[in-house]
Amino acid sequence: MTFKESIRTCIAKATTFDGRARRSEFWWFYLFVTLGALVAYVIDFLLFWPPVDLVGARLAGAFADPLSIHAQLLPVTSFWFFLTILPLVAVGVRRLHDRTKPGGSFMGLDALMILPGTAGSRGPNSYGEEPQP
């Protein structure tokens, strides 16, 4: 699966938590989300961060309410996060299904770091047919 195909597939299946996803689908979409977050952060830094001499006062005010730092200093990054979190979780759950793991185990460290990188089971499993390359 190519970079563009992965993005299209993950956006189209943003609310699909059944079925299976190949490693390439997961990792290409993960790269897309990471690069998008980097671009969003740079935009936030250039447009919304105060001049150096005012940073201390602005940060002190922003940290008074933990949620306001995102609204005040990282609005583009926050928007990107909320836009991509559901498709990222959905493809993560489908990736776990390819390893014959239940989607509920998505929160464990092994599910986040180890399982997405390991090969899926060959042939059909209880979560569906093997994804096509």
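Mentor: Let us begin with one pair of atoms in this predicted model: a polar atom of the side chain of Arg 95 lies 3.0 Å from the backbone oxygen of Ala 21.

Trainee: What makes the pair formed by the side chain of Arg 95 and the backbone oxygen of Ala 21 a polar contact?

Mentor: The cut-off for such a pair of N or O atoms is 3.5 Å, and the distance here is 3.0 Å, so the pair falls within it.

Trainee: Where is Arg 95 placed, and is the residue counted as buried or exposed?

Mentor: Arg 95 belongs to helix H5, and its relative accessibility is 1%; because buried means under 20%, Arg 95 counts as buried. Across the chain of 133 residues, buried residues make up 31%.

Trainee: Why is H2 called roughly antiparallel to H5?

Mentor: The axes of helix H2 (residues 23-48) and helix H5 (residues 75-98) come within 9 Å and cross at roughly 170°. Angles over 145 degrees count as roughly antiparallel, and therefore H2 is described as roughly antiparallel to H5. The residues of this contact divide into 16 nonpolar, four polar and five charged.

Trainee: And what makes H1 roughly perpendicular to H2?

Mentor: H1 and H2 pack with their axes 8 Å apart, at an angle of about 90°. Since the range for roughly perpendicular runs from 65 to 115 degrees, H1 is roughly perpendicular to H2. The residues of the contact of H1 with H2 divide into eight nonpolar, three polar and one charged; among them are Phe 3, Ile 7 and Ile 11 in H1, and Trp 28, Phe 29 and Phe 32 in H2.

Trainee: How many helices and strands does the chain have?

Mentor: The chain has six helices and zero strands, and its pattern along the sequence is α-α-α-α-α-α.

Trainee: How do you know where confidence is highest and where it is lowest?

Mentor: By comparing the mean pLDDT of the helices: helix H1 (residues 3-12) has the highest confidence, at 94, whereas helix H6 (residues 109-113) has the lowest, at a mean of 56. The chain averages a pLDDT of 78, and 63% of the residues score at least 70. Where pLDDT is low, the predicted coordinates should not be read in detail.

Notes. Residues are numbered from 1 along each chain as its sequence is written. This is a predicted model: local features need pLDDT of at least 70, side-chain atom pairs count only at pLDDT 80 or more; totals for chains, interfaces and linings use all residues. Side-chain values use heavy atoms; hydrogens and water are left out. pLDDT is the predictor's confidence in each residue, from 0 to 100. Helices (H or I, at least four residues) and strands (E, at least two) are DSSP runs, numbered from the N terminus. Axes are lines fitted to C-alpha atoms, for helices over the stretch in contact, and angles run from 0 to 180 degrees between N-to-C directions. Angles under 35 degrees count as roughly parallel, over 145 as roughly antiparallel, 65 to 115 as roughly perpendicular and the rest as oblique. Ala, Val, Leu, Ile, Met, Phe, Trp, Tyr, Cys and Pro count as nonpolar, Asp, Glu, Lys and Arg as charged, and the others, Gly among them, as polar. Buried means under 20% relative accessible area, exposed over 50%, partly exposed in between (1.4 Å probe, protein chains only). A polar contact is a pair of N or O atoms within 3.5 Å; within protein, one must be able to donate a hydrogen and the other to accept it, and residues adjacent in sequence count only if both atoms are side-chain atoms. Contact means heavy atoms within 4.5 Å.
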